[in-house]
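Student: I have not looked at this structure before. Could we go through parts of it by question and answer?

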Amino acid sequence: MAEKTYDYDVLVIGAGPGGYVAAIRAAQLGLKTACAESRETLGGTCLNVGCIPSKAMLHASELYEEAHEGALEKFGIKLTGAKLDLDQMLAEKSKAVGELTGGIEFLFKKNKIDWLKGHAKFTGEHTVEVDGKSVTAKDIVIATGSSVTPLPGVEVDNAQHRIVDSTGALELPKVPKKMVVIGGGVIGLELGSVWRRLGAEVVVVEFLDQILPGMDGDIRKEAAKIFKKQGFDIRTGTKVTGAETLKTKVKLTVEPAKGGDEEIIEADCVLVSIGRRPNTEGLGLDAIGLQVNNRGQIDIDHEFRTSVPGVWAIGDVVPGLMLAHKAEDEGIAVAENIAGQIGIVNHDVIPSVVYTMPEIAGVGLTAEEAKEKGYTVKAGKFPMMANSRAKTNRDTDGFVKVIADAETDRVLGVHIIASLAGTMIAQAAQAMEFGATSEDIAYTCHAHPTHAEALKEAAMAVQGKPIHI
């Protein structure tokens, strides 16, 4: 019997970091590929309203703070009259976004990938409907990403600029006098940092007893200390029970998480950033008998296959860290698996970065997780205060922490709080990918003077022998 013919070998649903990378890799491997995307531009949340525009605003606000706060005077640079042009700052952010989303469009054309514009919905195991048109594919990859988790009683309306989510917080037309950030996680702290630097008074309300859930305990304590020093009003162990939007402000009702008297906080703007949830609504999963788990995610096997033959899933819509680079790696791996090659992702070595100042980064297990898993832990810490480059740059906040298995010396995790943590963590991730011991890092020659030497010294500290402290 002749093999059934399809419009495409591979159809990817969603053009975020997971989806567009999967489509490019599939096309590179000689598969006829299409990608369905309902947004007007490619790149998903990350490029359009997430990682990229937030980094543009973080960088710009950092420059403004340096120019404005007299931070440069100790280096002999005297500036006066530095003014904020918020419209220009937002325009430059949008320009960067446009260049990058346009770049993906170019890559689609170069790799002969068809962009099917519209929302895709399954009508059968190998069939989806996009913008009223039926399309078939031998293999279909679900890469629909995630969206902001709503908070009951606190209704987001980005157009009003009063109660916003991360998308709205990247488009505020003026600097709020007072901003309340609900959620002390990555997104809240990054966007809170932007508006604090530009002049807002920022209050962070976190339900748990510490900010940055899931990060190493030492890092969480140090981060809270640094952010408080920067002027954040951090209220942990606090829950939000309701919000009333008035013409020029929001009245937020909060109370202790463990119960107690409620309090009203008034603010010009409230940012809801309590996490993200997988995008599965409207996908027509019931048409192919695909269930989601109790967290709304699509379960997959080691090769990214769902329970439905020919249907695969990657990125934020499946279990695991909701990170663009995790989705990208899965995108490459799933395309290779579809093409009959071996595509794998080591989910134990996925770095996470918070792009505040200083940056915060981690890879592998935290000290708490390592102990829970039964390891006898040996940790080494080295303060940036003792790093010569950081000292010279007057950039001494934070430390590097290396966690090793006391029995084998194998590195289990690395956690960094430092201005260049996001870049420094790459070395740690690569070392762990190769199964490095703390001694391997300690005996690797690092250029001097660099921030990276702090990682070498922290690795030396695992054996109790750092040089510079």
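Tutor: Two residues are in contact when heavy atoms lie within 4.5 Å. The model is a predicted one.

Student: Which residues is glutamate 330 in contact with, leaving aside its neighbours within four places in sequence?

Tutor: Glutamate 330 lies in helix 8. Its relative accessible area is 0%, so glutamate 330 is buried. Leaving aside neighbours within four places in sequence, its contacts are Phe304, Ile314, Gly315, Val318, Val345 and His347.

Student: At what angle do helix 1 and helix 8 pack?

Tutor: Two packed helices are described by the angle between their axes and the distance between the axes. For helix 1 (residues 17–28) and helix 8 (residues 324–338), the axes are 7 Å apart. Angles under 35 degrees count as roughly parallel, and helix 1 and helix 8 are therefore roughly parallel to each other. Their packing angle is about 30°.

Student: Which residues of helix 8 does helix 1 meet?

Tutor: Helix 1 passes helix 8 in a right-handed crossing. From helix 1, the residues that take part are Pro17, Gly18, Val21, Ala22, Arg25 and Ala26. In helix 8 they meet Ala324, Ala327, Glu328, Gly331, Ile332, Val334, Ala335 and Glu336.

Student: How far apart are the end C-alpha atoms of helix 7?

Tutor: Helix 7 covers residues 217–230, which is 14 residues. At 1.5 Å a residue, helix 7 should span 20 Å. The model agrees, since the end C-alpha atoms of helix 7 are 20 Å apart.

Student: What do the buried residues of helix 7 pack against?

Tutor: The buried residues of helix 7 are Gly217, Ile219, Arg220, Glu222, Ala223, Ala224, Ile226 and Phe227. They pack against helix 6 (186–197), strand 11 (233–235), strand 19 (359–364), helix 9 (367–372), strand 21 (399–405) and strand 22 (411–418).

Student: Is alanine 224 buried or exposed?

Tutor: Alanine 224 is found in helix 7. Leaving aside its neighbours within four places in sequence, alanine 224 is in contact with Ile211 and Ile234. A relative accessible area under 20% counts as buried. The value for alanine 224 is 16%, so alanine 224 is buried.

Student: Where is aspartate 409 found, and is it buried or exposed?

Tutor: Most residues other than glycine have a negative phi. Aspartate 409 has a positive phi of about 70° although it is not a glycine. Aspartate 409 is found in the loop between strand 21 and strand 22. With a relative accessible area of 14%, aspartate 409 is buried.

Student: What is the relative accessible area of aspartate 131?

Tutor: Aspartate 131, which is not a glycine, has a positive phi of about 55°. Aspartate 131 lies in the loop between strand 5 (127–130) and strand 6 (133–142). Aspartate 131 is exposed, and its relative accessible area is 64%.

Student: Which residue does a cis peptide bond join to histidine 448?

Tutor: Most peptide bonds are trans. The bond in question has an omega of about -5°. The residue joined to histidine 448 is proline 449.

Conventions: Residues numbered from 1 in each chain as written. Predicted model: local features only at pLDDT ≥ 70, side-chain atom pairs only at ≥ 80, totals over all residues. Heavy atoms only, no water. Helix = DSSP H or I, 4+ residues; strand = E, 2+ residues; numbered from the N terminus. Expected span 1.5 Å × (residues − 1). Buried < 20%, exposed > 50% of the residue type's maximum accessible area, 1.4 Å probe, protein only. Axes fitted to C-alpha atoms, helices over the stretch in contact; angles between N-to-C directions. Parallel < 35°, antiparallel > 145°, perpendicular 65-115°, else oblique. Left-handed = near helix turned anticlockwise from the far one by under 90°.
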